[in-house]
Amino acid sequence: MYVIFLGAPGAGKGTQAAEVARELKLAHIATGDMFRDAQKKGTPLGLKAKEYMEKGQLVPDEITIAMLLEHLTAPDCESGVIFDGFPRTLAQAEALDKAFVTRKKAIDTVVYIKVAEEELVKRLGGRWICRQCQAPYHELTAPPEVKSKCDKCGGELYQRDDDKPETVKARLKVYFTQTAPLIDYYVKTGKLVEVEGTGAVEEIRKRILSRLNKGVTGRR
Ligand code: AMP
């Protein structure tokens, strides 16, 4: 099963993608995590990506597509993947389609998590992430039990540089101009399902799973 999670920064893609991937035993590919990991290791890819990420811009397509396609050859991607944060441009979507044709595979479903813009700004402003396991928290809506400490692994929580107010504005602008057109692209393929992204995390997860299960049942 190959599923794309589409939505604005702050829509909850990362949280939902990780949980749904665990539940359905699929690999979880998050290009943002891959870039942050490369940055932490100080690799040439990480240094290059940093230039764009700190401005809230997208990393160029050639770099992102090459990284993603290389990762897709890993054995754990054979039986299915949840793509989180990829594709983000039309060129990326087309590259993924092409790669799937070559591999005789296909995208099954595109889950579009819909959240209003003012809610996105609120969410991104108070977001804190665990340095160790990447679990997300929110100052107002999902605070950790102990301040600055991850409930799951005890790791230190930090605010991503690109969650600072100026960069948040730039990221949302980039989303609406470059990524939102993908909604139409996937509507045309008949594979897009829209899920309301407001409410409790657990509720949203159930909504997504029920849409995905319907898809699975429909194919049998
Ligand atoms: P995310 O964690 O998905 O919000 O991604 C953080 C940042 O990584 C983005 O603002 C981009 O700078 C970069 N990034 C992640 N995924 C992509 C992608 N598919 N294409 C280009 N840049 C990306």
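**View 1. Arginine 127 lies in strand 5, residues 127–130.** This is a predicted model: local features need pLDDT of at least 70, side-chain atom pairs count only at pLDDT 80 or more, and totals for chains, interfaces and linings use all residues. Residues are numbered from 1 along each chain as its sequence is written, and side-chain values use heavy atoms, with hydrogens and water left out. Strands (E, at least two residues) and helices (H or I, at least four) are DSSP runs, numbered from the N terminus. Arginine 127 has a relative accessible area of 16% and is therefore buried (buried: under 20%; exposed: over 50%; partly exposed: in between; 1.4 Å probe, protein chains only). Neighbours within four places in sequence are left aside here. Beyond them, arginine 127 is in contact with Gly10, Tyr137, His138, Gln159, Arg160, Asp163 and Arg171 (contact: heavy atoms within 4.5 Å).

View 2. Strand 5 and strand 7 run antiparallel and are joined by 2 bridges. Cysteine 130 stands opposite leucine 157 of strand 7.

**View 3. Helix 2 (residues 31–41) packs with helix 4 (residues 61–71).** The angle is about 100°, and the axes are 11 Å apart. Axes are lines fitted to C-alpha atoms, for helices over the stretch in contact; angles run from 0 to 180 degrees between N-to-C directions. Helix 2 is therefore roughly perpendicular to helix 4 (65 to 115 degrees; under 35 is roughly parallel, over 145 roughly antiparallel, the rest oblique). Helix 2 contributes Thr31, Met34 and Phe35 to the contact. Helix 4 contributes Ile63, Thr64, Met67, Leu68 and His71. By class, the contact has 5 nonpolar, 3 polar and no charged residues (nonpolar: Ala, Val, Leu, Ile, Met, Phe, Trp, Tyr, Cys and Pro; charged: Asp, Glu, Lys and Arg; polar: the others, Gly among them).

**View 4. Helix 2 has buried residues Thr31, Gly32, Met34, Phe35 and Ala38.** They span an arc of only 165° around the axis, so they lie on the same side of helix 2 (arc: that of the directions from the helix axis to the C-beta atoms). Their cover includes strand 2 (27–30), helix 3 (44–53), helix 4 and strand 3 (81–84). Lys40 and Lys41 are exposed on the other side of helix 2. Just after helix 2, glycine 42 takes a positive phi of about 70°.

Notes
Pairing = 2+ DSSP bridges.
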